[in-house]
Amino acid sequence: YIKDVPKTLKQERKGAEKKLVKDKKPIPIPTMEELRAEEDEIKPYLIFTILDEDKNIVKKITKSASKGINRLTWNLRYASPRPVRIRDEKFNPLSGGGDGMFAMPGKYYVTISQYYRDSISELVGPQEFNAVVLQNTTLPAEDRAELVAFQDKVAELGRAFYGAENAAEDLMEKVQYIKQAVQQSPDLPDALLFRASQVERELDEILWKFNGQRPKASREENWPAPPSLNQRMGYMAWSHWSSTSAVTQSQKDAYDIISDEFPPILEQLRRIKNVDLKALEDELEAAGAPWTPGRIPEWEKE
């Protein structure tokens with residue numbers, strides 16, 4: 001229960017102006033700095049922190065702070081390891097980013113804190129509760145700890161896997177800008193365009209390993225081929241999403257295959273980003289080429 005919610009800068013200004021109007025006094029015009037501070041301020045919000053029996057944080061859930069009783073329901077899932085997404089190019093403290101796998105049954109704790117003007121204060125200390133398995137599972141795992149341990153491995157692999165896929169797509173987009181910058185710069189050698197095209201081919205091969213052939217309508221249109229890494233990862237991860245049954249041998253095999261094939265791709269992406277593309281970007285900047293994403297222009301006053 002919250003007796004009072006802290007006021008924002010705008011609410012404080014409006015309250016002060018209302019009192020001035022009541023007292024028939026002039027209302028000062030806010031400065032541009034004050035208006036910008038009001039626009040940029042994040043409203044107060046609550047943070048529900050879930051901790052396991054060993055006091056490790058497993059999930060943070062946020063909601064708007066409101067006066068009176070504040071309720072929130074945890075769906076008994078861990079935090080999502082999937083790549084972060086934002087809306088309207090802005091940070092949203094009330095967006096939790098989705099959910100992960102089912103949490104391990106057992107003892108948990110929850111604390112409640114409040115964010116207000118770049119400060120977080122605890123409102124309620126650790127409160128204990130238990131997560132109990134309902135006896136309504138058709139094929140329950142005999143060893144739930146083993147199941148959760150495998151799901152944790154899959155989640156960590158997925159965090160790196162999907163992050164690398166997004167990174168490859170970002171690098172591919174950057175290559176397109178680099179090629180366009182070379183094309184627009186008549187004094188740059190054609191060799192730069194050929195080098196950028198070679199990087200493009202490498203990234204295209206990486207993305208093919210991730211996704212395989214993408215059909216226009218149905219996978220039945222594709223030529224017969226082994227599953228792509230994304231297909232293996234998807235079948236393995238999503239089969240666990242709503243399941244509390246034991247890990248199958250097929251799921252273990254899929255994990256082993258991805259674990260063997262993924263590391264070389266990761267190293268290749270690091271080399272493309274830190275060596276190949278950086279060298280191209282340095283040459284573009286040295287030659288005074290138009291700006292491309294990720295490159296900060298150099299300039300000195302003459």
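This report looks at a helix pair and the nonpolar cores of the structure. The model is predicted.

**The α3–α6 pair**

Helix α3 spans residues 144–184, and helix α6 spans residues 249–286. Their axes come within 9 Å and cross at roughly 30 degrees. Angles under 35 degrees count as roughly parallel, so α3 is roughly parallel to α6. The crossing is left-handed. In the contact of α3 with α6, 21 residues are nonpolar, 2 are polar and 5 are charged.

**Leu 171 in α3**

Leu 171 belongs to helix α3. Its relative accessible area is 8%, so Leu 171 is buried. Lys 273 lies 102 residues away along the chain, yet the C-alpha atoms of Leu 171 and Lys 273 are separated by 7.2 Å.

**The cores**

The largest nonpolar core has 39 residues. Leu 203 and Met 236 have the most contacts inside it. Helices α3, α4 (190–211), α5 (229–241) and α6 each give two or more residues to this core. The most come from α3, with 14 residues. A second, separate core has 15 residues, including Leu 46, Val 58, Ala 103 and Tyr 108.

**Contacts of two residues**

The table leaves aside neighbours within four places in sequence.

| Residue | In contact with |
|---|---|
| Met 236 | Phe 150, Val 154, Leu 157, Gln 251, Ala 254, Tyr 255 and Ile 258 |
| Leu 171 | Leu 203, Leu 269, Ile 272, Lys 273 and Leu 277 |

Technical notes
Residues are numbered from 1 along each chain as its sequence is written. This is a predicted model: local features need pLDDT of at least 70, side-chain atom pairs count only at pLDDT 80 or more; totals for chains, interfaces and linings use all residues. Side-chain values use heavy atoms; hydrogens and water are left out. Axes are lines fitted to C-alpha atoms, for helices over the stretch in contact, and angles run from 0 to 180 degrees between N-to-C directions. Helices (H or I, at least four residues) and strands (E, at least two) are DSSP runs, numbered from the N terminus. Angles under 35 degrees count as roughly parallel, over 145 as roughly antiparallel, 65 to 115 as roughly perpendicular and the rest as oblique. A crossing is left-handed if the near helix is turned anticlockwise from the far one by less than a right angle, and right-handed if clockwise. Ala, Val, Leu, Ile, Met, Phe, Trp, Tyr, Cys and Pro count as nonpolar, Asp, Glu, Lys and Arg as charged, and the others, Gly among them, as polar. A nonpolar core is a set of buried Ala, Val, Leu, Ile, Met, Phe, Trp, Tyr and Cys residues joined through side-chain atoms within 4.5 Å. Buried means under 20% relative accessible area, exposed over 50%, partly exposed in between (1.4 Å probe, protein chains only). Contact means heavy atoms within 4.5 Å.
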